[in-house]
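Keep the viewer open and follow along.

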Amino acid sequence: MAYKRQIDRLPIPPADAKVQNVTCHYCIVGCGYKAYTWPRNKQGTLENNAFGINLGEQQPADGTWLAPSMYNMVRQNGQDVHLAVVPDHECVVNSGLASIRGARMAENRPSRVTGTQQQRLSDPLVWRNGVWQPTTWNDALDLVARVTAKIVNEYGEDELVVSMFDHGGSAGGYENTWATGKLYFDSMKVKNCRIHNRPAYNSEVHSSRDMGVGELNYSYSDYEVTDTIFMIGANSLETQTNLFLNHMVPGLRNGAKFIMVDPRRTVTVNAAEEVAGKDNVLHLAITPGTDMALFNALLTYIVDNGWTDNDFIAASTFQGGEAVAEGSSQPAGLGSLNYAMQTCRTSIEEAAGICGVDAADIVKAAEWIAKPHDDGARRKCVTAYEKGIIWGNDNYRTIGALVNISLATGNIGREGGGCCRLGGHQEGYYRPSDAHVGRPAEYVDQLLIKGGGKVYHVWACDHYKTTLNASQFKRVLKKRSDMVKEAMDAAAGGTREELVDAIVGAVNAGGIFVVDVDIIHSQIGQNAHVLLPACESNEMNLTSMNGERRMRLSERYMDPFGNSKPDCLIAAGVAQHMEAALRDLGNDAYADQFKGYDWETEEDAFMDGYNAGNPEVTYERLRAMGNNGVQEPVAGYENGQLVGTPRLYADGNFDRHGRDDKKALFCAAQWRGYAAAGKAREAENHNFFVNNVRANIFWQNQFLDQDSDFVQDRFPYPFIEMNAADMADLGISAGDLIEITNENGATQGMAYPTDTAKRGQVAMVFGSPAGSQGNVVNPGVSELILPEYKLTFGNVRKLADAPPQARAVSFKSKEYKA
Amino acid sequence: MSNKCNRLVDVGRRQFMRGGAFAVAGAAAATVTSAPAQASPANAQLDYPSNRLANIADLAVNEPMDIEYPDADSPGILLKLGEAVEGGAGPDGNIVAYSVLCPHKGWYLTYSAEDRSLNCPGHFSRFDAEVGGQQIWGHATQNLPQFTLRVDAKGDIYAEGCSDLIFGRPSNVL
Ligand code: SF4
Ligand code: FES
């Protein structure tokens, strides 16, 4: 039976509770919340409280309510205080809405009083005598620095491999991306690095940028005034929840049409139908990986019908044929619309055949996107995409083909338009140049698998759960790490020098020394030698921007757990110890490169990085801008307010590619079938398309939710949505544990019968601690090393009858029933 | 009942705590003694009213009856299911009762007899009436508050408690 909290009362925040700004750090939307804290021995009353309402009365729908998940008791300046984190009605992003993730921010805080999140790391841990021993920062950083310094000094910086977040919210943010960036790209020039969710250090949307179009160019308000929302490979009700509810739903109520391109029917399609009516929603359930053919046919139809925005094209896009030729760092040619059309031209019938959808539906989509209104006025269309194509077939050309449509219809830089990725985490990237990394960037997973790298620094990444080809990656990294563990065990009792020598000996014999900076002891952390405990947003001040470039300061309302620290200060500690270690090695010139980290606080790191490039922006000014913040780029500071930019490219000048002419380019997107190595063969040889999907309940915080009774009760195992007829054929019942296998490995989950699932297609939740979908994703990548998690094929078999936990959960449809 | 609330809220907080509950209860007592004039023993759980909702004979399978519990401002449903369910009351173990204020933002849930779910027109959350009000999909951070039922020898059904905090109130009993 369902998990019951057995909570029937909560403390009341008193009128004089301290109130601070919080931007939810879980997803890209960045909803505004207020954090109330007050002393342990105080409380408000029904009539007199921080909410300023009579709590003795039943509150109406949409009224203020402190749910049990929004409450906790945490440490603040060394004292236990009550904490309530409640959605902010005044924030334009969410207007008082909370999601199933954000509403659990308080509950997902570590508390020694209530016992929540005791999995959080509180102290540095060093592998010692066969176990992880807690130790001091000095001791742990000294070991990290001595081994790292010795390796980079003697063997060069290419022997240091780094995995690091590049985003905002959670672990990232301007403070932390700056500090890690300064360490690895300024003090050093580390080139063998990768990002948390992909095996190289690269953009996920290279083509959009090369075309001149930064990928976050609109305002969320554009959804409210558009004629059509064109969504591809995204599931916003689940993954950008309050963007969908607070901006897309009003747009649909205002009469917008909704087009979804996704092989799978999702709750987003269902909800759009509820709001807009089925006649105004078009779901193109295409054959997986064929998006580009669809986009090319849409563009062709729009061009041939004269529905292009010719003034915009003339003024803002390149006119002279080919501008950039196809090459090794440029997977497709770029140039004028006419130039691109020579490659893109695709008939509706051709696309219908490739994509497996009705020709009439493709025509309808083209009309909804671009056919002018009856009075001749142009149609406005917001285009929004995410992992379905970012992690799908042929990333560069597919995204290029999509941006082509927005450019041809003049839908970028204008109200009611935009061509944007929807995003996962918030953004918060501020780092020194990464030009030395090169393009294509190093495929770091393969480098590690082939034995490359001697020292590995991992920042808030758990690739065991979230990389491709994960089975092999884990096997190899564990083996290489174990070599070092054994050497460390053998050196037990010796001096620091002897320990360092033992480690260096082991890495020279093929091992690898792993340092993991994280908030919990993650799966990859099991194969680390030093664990450095980091803290999260609100345990430190953190700045980030959301999917409409809205920058906020999310304030520190509690102390870091135990002796954990902000990542930026950990990076500073690593740098300072590197300086000392290099001096000891007699390399003063090298040591000098590690100066400039004398930061006391995260604000110091912010001033050293983001503020140096954006002198208008300070903590004080951001704090004053509250939960509505300011949309980047910040244009100035006037009348006590930071002045932002609601929409990029409003002047028709496109500059993301860095071209002096500021003209946008079209992409010559050549359809080539399944382009990455091994995908076509895998598709032929297996019975199921294995879709890789996210779920409302825990996307972006599953690592915390492995410690949440509420979440574990709902999904004790990762779900795998499956058609009932396929289940019957394979003798599988609801809740049975099933295995997905292919040449790359195997993974497991719980069968979730889904009446809308197509036969021969399963949808497995990504990033689960209890079953890594990446185990069955092949190592094939695009030219610029983008993984294709979405394009996976495998066979399915039953492992076991539904265990008791699985038998106890609901297997009903996720779709709303009026 | 409002004169009870200040004391009861304190108890609720303690009840919320898991793990270190005993140690914390001690700490709380210590704080209270700093103001001895106001200290008074508080019950360790809320006193819920025992309200007669209906008689079994009034219920038809899969036809929810509107109820109010613990007071008139808190709407719910009383429902007889076709089969016994875990946590079901009555001789056949098939009677359940839930709050119908969505624990997301408090919109009224509607019952779908088709798949015995409660659905929210606010933002599309869904709860399973057959699995203890488990959220099938949605935005709420708890499952549906379920009312504790007792059925007497005459078949009269009484509500006498609630599993979770009801939307829009700091205490289930106001
Ligand atoms: S939609 Fe995203 S940002 Fe908003 S509350 Fe939910 S998880 Fe947080
Ligand atoms: S109020 Fe029910 S889903 Fe939001």
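## Where the chains meet

Putting chain A and chain B together buries about 6,000 Å², with carbon and sulfur atoms giving 55% of that area. On the chain A side, the residues that lose the most area to chain B are R9(A), Q58(A) and W65(A), and together they make up 16% of what that side buries. Keep in mind that this is a predicted model.

Counted by residues, 70 from chain A are in contact with 67 from chain B. How many salt bridges cross the interface of chain A and chain B? The rule finds two.

## A β-α-β unit in chain A

Now go to strand β10 of chain A, residues 257–261. Is this strand mostly covered or mostly open? Mostly covered: four of the five residues in β10(A) are buried.

Strand β10(A) has a parallel partner in β9(A), residues 228–232, and five bridges link the two. In that pairing, I232(A) sits opposite V261(A) of β10(A). Strand β10(A) also pairs in the parallel sense with β11(A), residues 281–284, this time over four bridges. Here I259(A) is the residue facing L282(A) of β11(A). To get from strand to strand, follow helix α6(A), residues 267–276: β10(A), α6(A) and β11(A) make a right-handed β-α-β unit.

## An open three-stranded sheet

As a bit of background, strands of a sheet pair through backbone hydrogen bonds, and the pairing can be parallel or antiparallel. Which sense does the open sheet of three strands in chain A use? Its pairing is antiparallel, and the strand order is β12-β13-β24.

The edge strands are β12(A), residues 322–324, and β24(A), residues 666–667, and each of them pairs on one side only. Strand β13(A), residues 334–335, runs antiparallel to β24(A), and two bridges join them. To find the spot, look for G335(A), which stands opposite F666(A) in β24(A).

## An annotated stretch

One last stop, this time from a record. An unreviewed UniProt entry lists residues 691–777 of chain A as "domain: Molybdopterin dinucleotide-binding". In the model, the chain over residues 691–777 of chain A is 18% helix and 31% strand. The end C-alpha atoms of that stretch are 10 Å apart.

Conventions
Residues numbered from 1 in each chain as written. Chains lettered and ligands numbered in written order. Predicted model: local features only at pLDDT ≥ 70, side-chain atom pairs only at ≥ 80, totals over all residues. Heavy atoms only, no water. Pairing = 2+ DSSP bridges. UniProt positions renumbered as here; feature names shortened; annotations may be inferred. Buried < 20%, exposed > 50% of the residue type's maximum accessible area, 1.4 Å probe, protein only. Right-handed = clockwise from strand over helix to strand, strands pointing away. Contact = heavy atoms within 4.5 Å. Buried area = accessible area lost by both parts, 1.4 Å probe. Salt bridge = Lys/Arg side-chain N within 4 Å of Asp/Glu carboxyl O.
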